[in-house]
Amino acid sequence: ASSSGETVTAPMAGTILKVQVEVGASVNKGDVVVVMEAMKMEYTLEADRDGRVEEVRIQAGQQVALGEVLVRVVDV
């Protein structure tokens, strides 16, 4: 999983399979927020901290690039 503080980013180019959260949702550190596929493998991306989802920039089926911001989590 690739995340740093406020943002969850794509660890590599791939396709979003599932978005597990929506704007306004509360998340805890370690909660799965996005499932993506890259290089024929499935990756689960987790929240790096407790907070509230402020922004979801992607949707299922979307192609993403390395380092692209997928979800933003802020303190509550």
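From the N terminus on, the elements of the chain run β-β-β-β-β-β-β-β-β. The model is a predicted one. Its radius of gyration is 11 Å, close to the 11 Å given by the globule rule for 76 residues, so the chain is as compact as a globular protein of that length. Along the principal axes, the C-alpha atoms fill a box of roughly 35 × 20 × 15 Å. Of the 76 residues, 32% count as buried. The chain exposes about 4300 Å², and carbon and sulfur atoms supply 45% of this area. Contacts between residues at least 6 apart in sequence were also examined: 56% of them join residues at least 24 apart.

Four of the strands form an open sheet. Their order is β6-β5-β3-β8, and the pairing is antiparallel. The edge strands are β6 and β8 (63-64), each of which pairs on one side only. Strand β3 covers residues 14-19. Two bridges join β3 to β8, and these strands run antiparallel. Within this pair, T15 stands opposite Q63 of β8.

T15 belongs to β3. Its relative accessibility is 19%, so T15 counts as buried, the cut-off being under 20%. The side chains of T15 and Q63 make a polar contact at 2.6 Å. T15 and Q63 are therefore linked in two ways, as opposite residues in the strand pair and through this side-chain contact. Not counting residues up to four places away in sequence, T15 touches M36, E37, G61, Q62 and Q63.

G14 also lies in strand β3. With a relative accessible area of 9%, G14 is buried. Beyond its neighbours within four places in sequence, G14 is in contact with M36, E37, A38, Q62, Q63 and V64. G14 and G24 are ten residues apart in sequence, yet their C-alpha atoms lie 26 Å apart in space.

Strand β9 (residues 69-74) pairs with two further strands. With strand β2 (residues 7-9), β9 pairs in the antiparallel sense over three bridges. Here V8 has V71 of β9 as its bridge partner. Strand β7 (residues 51-56) is joined to β9 by four bridges, and these two strands also run antiparallel. E55 stands opposite R72 in β9.

The largest nonpolar core holds 17 residues, of which V34, L70 and V71 touch the most other members. Strands β5 (32-38) and β9 each supply at least two residues of this core. β5 gives the most, with four residues.

L70 has contacts in several parts of the chain. Leaving aside neighbours within four places in sequence, L70 is in contact with V8, T9, A10, I16, V34, L45, E55, V56, R57, I58 and V64. Among these partners is V34, which stands with L70 among the residues that touch the most other core members. Another partner, L45, lies in strand β6 (residues 41-46). L45 has 0% relative accessibility and so counts as buried. L45 and V71 are 26 residues apart along the chain, and their C-alpha atoms are separated by 9.9 Å.

How values were computed: Residues numbered from 1 in each chain as written. Predicted model: local features only at pLDDT ≥ 70, side-chain atom pairs only at ≥ 80, totals over all residues. Heavy atoms only, no water. Buried < 20%, exposed > 50% of the residue type's maximum accessible area, 1.4 Å probe, protein only. Polar contact = N/O pair within 3.5 Å; in protein donor to acceptor, adjacent residues only side chain to side chain. Contact = heavy atoms within 4.5 Å. Core = buried A, V, L, I, M, F, W, Y, C linked by side-chain atoms within 4.5 Å. Rg over C-alpha atoms; globule rule 2.2 N^0.38 Å. Areas by Shrake-Rupley, 256 points an atom, 1.4 Å probe, with all protein chains shown as cover.
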